[in-house]
Amino acid sequence: MTLQEYDYTRESPSKLAASCLLLALTMKNLGGWTPTLEYYTGYSAQDLHPLVKRLNFLLTYQPRDKLNTVRSKYSHRVFFEVAKLAPMDMLKLEKALTSC
């Protein structure tokens, strides 16, 4: 979804990918940011918190009619219908991130 948003072009691709991973781990309750993830990405969980919150907020946007291709693609079973996942409640996300 960030491919469609100009505001995310200033973020480094590695930080964006790490933040997406942290958000996915948090949304699916698959654990937190481990020392191994920190080592290989080069980012601590605290470095990623602001971007993770922005990404979660991005999920609340309604799809634009002209830019529906990416959302449509990732709504398919092949991609585990990740575009259909509801965003996390911001308070729950904040609480989960502080425990990382």
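Good morning. I begin with helices H1 and H3, which are roughly perpendicular to each other. The model is a predicted one. H1 covers residues 13-27 and H3 covers residues 45-58; they pack at an angle of about 75°, and their axes lie 8 Å apart. That angle falls in the range of 65 to 115 degrees, which is therefore counted as roughly perpendicular.

Which residues form this contact? On the H1 side they are Lys15, Leu16, Ala18, Ser19, Cys20, Leu22 and Leu23. On the H3 side they are Ala45, Asp47, Leu48, His49, Leu51, Val52, Leu55 and Asn56. By class, the contact comprises 10 nonpolar, three polar and two charged residues.

Let me take Leu48 as an example. Leaving aside residues up to four places away in sequence, Leu48 touches Lys15, Ala18, Ser19 and Leu22, and also Trp33 and Tyr43.

I turn now to the largest nonpolar core, which has 16 residues. The members that touch the most other members are Tyr8, Leu22, Trp33, Leu48, Val52, Leu55 and Leu93. H1, H3 and helix H5 (90-98) are the elements that give two or more residues to this core. Which element provides the largest share? That is H3, with six residues. As general background, nonpolar side chains in soluble globular proteins tend to be buried together.

Finally, I consider Leu58, which also belongs to helix H3. Is Leu58 buried or exposed? Its relative accessible area is 3%, under the 20% limit, so Leu58 is buried. Beyond residues up to four places away in sequence, Leu58 touches Met1, Thr2, Glu5 and Tyr8. Leu21 lies 37 residues from Leu58 along the chain, and their C-alpha atoms are separated by 15 Å. Thank you.

Key
Residues are numbered from 1 along each chain as its sequence is written. This is a predicted model: local features need pLDDT of at least 70, side-chain atom pairs count only at pLDDT 80 or more; totals for chains, interfaces and linings use all residues. Side-chain values use heavy atoms; hydrogens and water are left out. Axes are lines fitted to C-alpha atoms, for helices over the stretch in contact, and angles run from 0 to 180 degrees between N-to-C directions. Helices (H or I, at least four residues) and strands (E, at least two) are DSSP runs, numbered from the N terminus. Angles under 35 degrees count as roughly parallel, over 145 as roughly antiparallel, 65 to 115 as roughly perpendicular and the rest as oblique. Contact means heavy atoms within 4.5 Å. Ala, Val, Leu, Ile, Met, Phe, Trp, Tyr, Cys and Pro count as nonpolar, Asp, Glu, Lys and Arg as charged, and the others, Gly among them, as polar. Buried means under 20% relative accessible area, exposed over 50%, partly exposed in between (1.4 Å probe, protein chains only). A nonpolar core is a set of buried Ala, Val, Leu, Ile, Met, Phe, Trp, Tyr and Cys residues joined through side-chain atoms within 4.5 Å.
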